[in-house]
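This report covers one protein chain, from its overall make-up to a few selected details. Please keep the sequence and the 3D view at hand while reading.

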Amino acid sequence: KRNTIKMLVYVATQFVELFENEVFKPDTIAINKKGRKSKKSTLSSDSDGCGSMWENERERIVEILSQVLEQDLVQVCDPPTPEMLDDLINLVAGCCYKFLENPVVVRDKDLKDSISNLLGTIVKNYHQNLGVSVKIVQLLQHFEHLVSPLSQMLVSIVNKYELNNFVADIIREIGEKDP
């Protein structure tokens, strides 16, 4: 059972990566009016219907990953090494980040809330403050559509999980970035 859960999480995260890359493909870099380079992203044409099926499965994947994190992961990791536990948590967090790259996902309130809860669980229960805060700042740097959704998600995470120090971690990360 232990190895099965780890393998299923791995397979699920690989599917997320594959389908999200197929549904949401970044185009070439374009020059905007201010002379800066910016990525243009488009949703791929959904000629085979795969994208619409995937949109229906996103919420289910997040729900399943939430259920996995509710388990005692020390029991899942045999032998329970910190590295193996971190790898499993990082796979789940990576799915959240991949979903957030897609503007369609952050417009879906229920899915955004589920991802917020998943990230809140990762920070609160698995003490991943630094990793999540670094990735949030990176996402903000690369995806302009995330400014408002991520701020809403952070308010939700801080209020629901009482993680006031998480805000300080993110502010510290922003302060360490070069302008």
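What percentage of the 179 residues in the protein chain is buried?

## Overall make-up

Buried residues account for 39% of the 179 residues in the protein chain. The model is a predicted one, and the values below are computed from it.

The chain contains nine helices and two strands. Along the sequence, these elements follow the order α-β-β-α-α-α-α-α-α-α-α. Among contacts with a separation of 6 or more, 65% involve residues 24 or more positions apart.

## Packing of H4 and H6

Helix H4 spans residues 82–100 and helix H6 spans residues 109–126. The two pack at an angle of about 150 degrees, and their axes are 10 Å apart. An angle over 145 degrees counts as roughly antiparallel, and H4 and H6 are therefore roughly antiparallel to each other. Their crossing is left-handed.

From H4, the contact involves Ile89, Val92, Ala93, Cys96, Tyr97, Phe99 and Leu100. On the H6 side, the partners are Ile115, Leu118, Leu119, Ile122 and Tyr126. By residue class, this contact has twelve nonpolar residues, no polar ones and no charged ones.

## Aromatic pairs

How many aromatic pairs does a search of the whole structure find? The search finds three. In one of them, the ring centres of Phe15 and Phe19 are 5.9 Å apart and the ring planes are at 20 degrees, so the pair is stacked. The cut-off behind this label is a plane angle under 30 degrees.

Phe15 and Phe19 are both part of helix H1, which covers residues 2–23. They are four residues apart, about one turn of the helix. Phe15 has a relative accessibility of 40% and counts as partly exposed.

Ring pairs also join Phe15 and Phe19 with Trp54 and Phe99 in a cluster. Phe99 is also one of the H4 residues that meet H6.

## Asn3 in helix H1

Is Asn3 buried, partly exposed or exposed? Its relative accessibility is 47%, so Asn3 counts as partly exposed. Like Phe15 and Phe19, Asn3 is located in helix H1.

Asn3 and Val76 are 73 residues apart along the chain, while their C-alpha atoms are separated by 7.3 Å.

How values were computed. Residues are numbered from 1 along each chain as its sequence is written. This is a predicted model: local features need pLDDT of at least 70, side-chain atom pairs count only at pLDDT 80 or more; totals for chains, interfaces and linings use all residues. Side-chain values use heavy atoms; hydrogens and water are left out. Axes are lines fitted to C-alpha atoms, for helices over the stretch in contact, and angles run from 0 to 180 degrees between N-to-C directions. Angles under 35 degrees count as roughly parallel, over 145 as roughly antiparallel, 65 to 115 as roughly perpendicular and the rest as oblique. A crossing is left-handed if the near helix is turned anticlockwise from the far one by less than a right angle, and right-handed if clockwise. Contact means heavy atoms within 4.5 Å. Ala, Val, Leu, Ile, Met, Phe, Trp, Tyr, Cys and Pro count as nonpolar, Asp, Glu, Lys and Arg as charged, and the others, Gly among them, as polar. Rings of Phe, Tyr and Trp (its six-membered ring) pair if their centres lie within 6.5 Å; planes under 30 degrees apart count as stacked, over 60 as edge-to-face and the rest as tilted. Buried means under 20% relative accessible area, exposed over 50%, partly exposed in between (1.4 Å probe, protein chains only).
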